[in-house]
Amino acid sequence: MDISRLSALRELALRKTMAAVAEALHLSPSAVSQQIAILEQEVGIDLVERRGRGVELTIAGRMLVERANRIFTELESARADMAELKKVVAGELRVAAFPSVAAALIPGTIRTLRIEHPQLTVLFEEMEPEEGMNALRSWQTDVALIDDLNVPPGLLDPTIELTPLIEDVFNVMMCPNHRLAQKDEVTWEDLKGEYWAVDTASVTYTRMLTDACQNSGYVPNIIARCKGLEVTSALILEGCAISIFPGLRARFELKDAKMCRLVPEIRRKISVAYRKGEKKSPALRAFVQCIQAQAAGFDHTI
């Protein structure tokens with residue numbers, strides 16, 4: 001069986017449509033369909049079946065994907081073993097991270113690695129935690145920075161390993177002349193009746209805000225749903241709305257706003273995720289050590 005065809009089947013198990021697999025593998029949908037068809041001919045049994053606009057794996061398809069996962073894990077482990085024998089930190093390392101942690105830690109990590117390991121190239125792509133985890137499982141990235149709010153530990157793939165990186169606390173952001181701006185800490189009850197702006201990049205973020213307000217006896221009055229920080233920041237600084245942001249992001253991108261600690265707090269744990277088979281990779285180890293050193297420069301309760 002051809003490795004590329006097994007890879008296409010694994011992607012199909014994750015992404016459910018030929019079009020999504022084609023996009024992930026940089027192929028045409030017809031080429032993906034042909035690879036699956038050839039694989040079915042090789043094994044002599046149907047591996048997928050049509051379900052509306054998508055496809056579902058048959059029992060045989062799911063069994064083959066389970067075997068393929070073990071094969072790919074062994075291949076990655078073998079590559080890591082060979083790299084370890086060479087003791088050379090070189091090649092390319094693909095890294096996925098979400099904006100707040102990326103802005104704080106990725107630039108310094110890349111700069112340090114270029115100095116200490118000039119033969120290593122870090123390729124960065126911005127991804128939300130769930131997206132990064134999916135990319136890691138489908139071999140589209142080598143490292144994903146995730147948090148336990150978006151990717152709960154109980155939902156982790158058993159082939160994925162985590163290294164703890166830093167803890168981050170959410171804060172309420174407001175304009176400097178807001179009625180609560182003189183306080184270092186505010187309660188969720190203090191914020192009743194406020195106008196809110198939310199970043200819609202993460203569904204988890206909006207749900208977390210809504211749940212916290214409802215637990216304090218009210219529904220947040222969300223007047224703005226923004227796709228990025230630029231508009232949210234402008235609304236905060238003009239006194240049109242308040243918002244909540246993790247300390248890492250506020251520290252780097254909302255310096256002109258007033259930051260107050262929330263009571264009770266909402267805390268997240270950020271980790272480096274990678275496939276277990278690559279744990280011995282010199283490039284991976286160099287990256288993990290370097291980004292841990294970067295994170296150590298921050299207060300873990302920011």
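Biologist: In which hand does α1 pass α2 in their crossing?

Modeller: Bear in mind that this is a predicted model. The axes of α1 and helix α2, which spans residues 18-25, come within 9 Å of each other. As for the hand in which α1 passes α2, the crossing is right-handed.

Biologist: Is α1 oblique or roughly parallel to α2?

Modeller: The two axes cross at roughly 125°. Roughly parallel would need an angle under 35 degrees, roughly antiparallel one over 145, and roughly perpendicular one of 65 to 115. The angle therefore makes α1 and α2 oblique.

Biologist: How many charged residues are in the contact of α1 with α2?

Modeller: On the α1 side the contact has S7, A8, E11, L12 and R15, and these meet M18, A20, V21, A24 and L25 in α2. Asp, Glu, Lys and Arg count as charged. By class, the contact has seven nonpolar residues and one polar residue, and the number of charged residues is two.

Biologist: Which residues does R5 touch, leaving out those up to four places away in sequence?

Modeller: R5 lies in helix α1, residues 3-15. R5 and Q34 are 29 residues apart in sequence, and their C-alpha atoms are 9.3 Å apart in space. With residues up to four places away in sequence not counted, R5 touches Q35, I38, L39 and E42.

Biologist: Which residues of α10 make the contact with α5?

Modeller: Helix α5 covers residues 99-116 and helix α10 covers residues 282-296; they pack at an angle of about 125°, with their axes 9 Å apart. The contact is made on the α5 side by L105, I106, G108, T109, T112 and L113, and on the α10 side by A286, F287, C290, I291, Q294 and A295.

Biologist: Is C290 buried or exposed?

Modeller: C290 is one of the α10 residues in the contact with α5. Buried means under 20% relative accessible area. The relative accessibility of C290 is 7%, so C290 counts as buried.

Biologist: How many disulfides does the count come to?

Modeller: The rule is again a pair of cysteine sulfur atoms within 2.5 Å. By this rule, the number of disulfides is zero.

Methods
Residues are numbered from 1 along each chain as its sequence is written. This is a predicted model: local features need pLDDT of at least 70, side-chain atom pairs count only at pLDDT 80 or more; totals for chains, interfaces and linings use all residues. Side-chain values use heavy atoms; hydrogens and water are left out. Helices (H or I, at least four residues) and strands (E, at least two) are DSSP runs, numbered from the N terminus. Contact means heavy atoms within 4.5 Å. Buried means under 20% relative accessible area, exposed over 50%, partly exposed in between (1.4 Å probe, protein chains only). Axes are lines fitted to C-alpha atoms, for helices over the stretch in contact, and angles run from 0 to 180 degrees between N-to-C directions. A crossing is left-handed if the near helix is turned anticlockwise from the far one by less than a right angle, and right-handed if clockwise.
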